[in-house]
Amino acid sequence: MKNSIIYKADSRGYANHGWLKSHHTFSFANYRNDERVHFGVLRVLNDDNVAPGMGFGTHPHDNMEIISIPLSGSLSHQDSMGNGTVINEGEIQVMSAGTGIRHSEFNPDENHPSQFLQIWLFPNKLNVEPRYDQKKLNKEDRINKWDQILSPNVEDKGVWIHQNAWFSLTDLTLGTDIDYVLNDKANGIFLFVLEGKIEINGEILGRRDAIGIWDIEKIQIKALDSSSLLLMEIPMELPAYLQ
């Protein structure tokens, strides 16, 4: 398939810090792959597993849109804006780092690990006022259909960020066909298979595989098994401040 790139699960970078096991789709920390630095404005996609009672100490961020999606367990969050919350499976958290924030994340469960996706997008403008949001998702809203969980619009369902991006989740039953039509035809799509097995435009993808696609108006997916997917529609052109 032209205008696409496959990211197989076993080709990702991997770091084992004992308390943290992390798979990196793109270059991050000690994992460096000059051919995998970003896909459009998608800079980081980390698949993190945090040991019971452990976590990330207080550290800074700036000028990045940061999204966390717990897949199992929970994370305790504290930041320099005064937020102190717990993010649970079935929720989504966003932070606009903007002019600068400091935060920490810990697994509050002393018996079970926490698994979550950490996603960074380059913002469409620099030095915005830092902000935080967190919302609960409804699994019933994504059975064999797309549930939009993030957009550029404050009034939309889900959370919003400073970028022309839309994120959606779906849980597909075996044999289900589903299409996705782009909100902005100039965008591309990064599709991440959380669980299961799918066929997309002639390509077969399994658990934790991904595909990036551009110069298309829609995609077609068939579930070859019960499958859970995260779709990220994102600008392919980097912001002017990075060019």
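Visitor: Does Ser 74 count as buried or exposed, and what is its relative accessibility?

Guide: This is a predicted model, and in it Ser 74 counts as buried, because its relative accessibility is 12% and the cut-off for buried is under 20%.

Visitor: Where does Ser 74 lie, and which residues is it in contact with, leaving aside neighbours within four places in sequence?

Guide: Ser 74 lies in strand β7, which covers residues 74–79. Leaving aside neighbours within four places in sequence, Ser 74 is in contact with Val 86, Ile 87 and Asn 88, with Phe 106, Asn 107 and Pro 108, and with Ser 114.

Visitor: And how are the C-alpha atoms of Ser 74 and His 103 separated?

Guide: Those two C-alpha atoms are separated by 16 Å, while the residues are 29 apart along the chain.

Visitor: What about Ser 68, buried or exposed?

Guide: Ser 68 is buried, with a relative accessible area of 2%, and its strand is β6. Not counting residues up to four places away in sequence, Ser 68 touches Glu 91, Ile 92, Gln 93, Glu 105, Phe 116 and Leu 117.

Visitor: Changing topic, how many helices and strands does the protein chain have?

Guide: The protein chain has 22 strands and zero helices. Among its contacts between residues at least 6 apart in sequence, 71% join residues at least 24 apart.

Visitor: What is the radius of gyration, and what would a compact globule have?

Guide: The protein chain has a radius of gyration of 17 Å, which agrees with the value near 18 Å that a compact globule of 243 residues would have. Along the principal axes, the C-alpha trace spans about 45 × 45 × 40 Å, and 52% of the 243 residues count as buried.

Visitor: Which residues touch the most other members in the largest nonpolar core?

Guide: Those are Ile 119, Leu 121 and Leu 230, in a core of 43 residues. The elements that give two or more residues to this core are β4, β6, β9, β11, β13, β15, β17 and β22, and β11 gives the most, with five residues. As background, nonpolar side chains tend to be buried together in soluble globular proteins.

Visitor: What does Ile 119 touch, not counting residues up to four places away in sequence?

Guide: On that count, Ile 119 touches Leu 42, Val 44 and Leu 45, then Glu 65, Ile 66, Ile 67 and Ile 69, and also Phe 167, Leu 230 and Met 232. There is also a second, separate core of 20 residues, which includes Trp 146, Ile 189, Ile 213 and Ile 216.

Visitor: Now the backbone: what is phi for Ala 29 and for Asn 63?

Guide: Ala 29 has a positive phi of about 50° although it is not a glycine, and phi of Asn 63, which is not a glycine either, is near 45°. For context, most residues other than glycine have a negative phi.

Visitor: Where are they, and is each of them buried or exposed?

Guide: Ala 29 is in the loop between β3 and β4 and is exposed, with a relative accessible area of 70%. Asn 63 is in the loop between β5 and β6, but Asn 63 counts as buried at 17% relative accessibility.

Visitor: Last one, how many positive and negative side chains are there?

Guide: The protein chain has 22 positive and 33 negative side chains, and the centres of the two sets lie 2 Å apart. The protein chain exposes about 10800 Å², of which carbon and sulfur atoms supply 46%.

Key:
Residues numbered from 1 in each chain as written. Predicted model: local features only at pLDDT ≥ 70, side-chain atom pairs only at ≥ 80, totals over all residues. Heavy atoms only, no water. Core = buried A, V, L, I, M, F, W, Y, C linked by side-chain atoms within 4.5 Å. Buried < 20%, exposed > 50% of the residue type's maximum accessible area, 1.4 Å probe, protein only. Contact = heavy atoms within 4.5 Å. Rg over C-alpha atoms; globule rule 2.2 N^0.38 Å. Areas by Shrake-Rupley, 256 points an atom, 1.4 Å probe, with all protein chains shown as cover. Lys, Arg positive; Asp, Glu negative; His and termini not counted. Charge placed at Lys NZ, Arg CZ, Asp CG, Glu CD.
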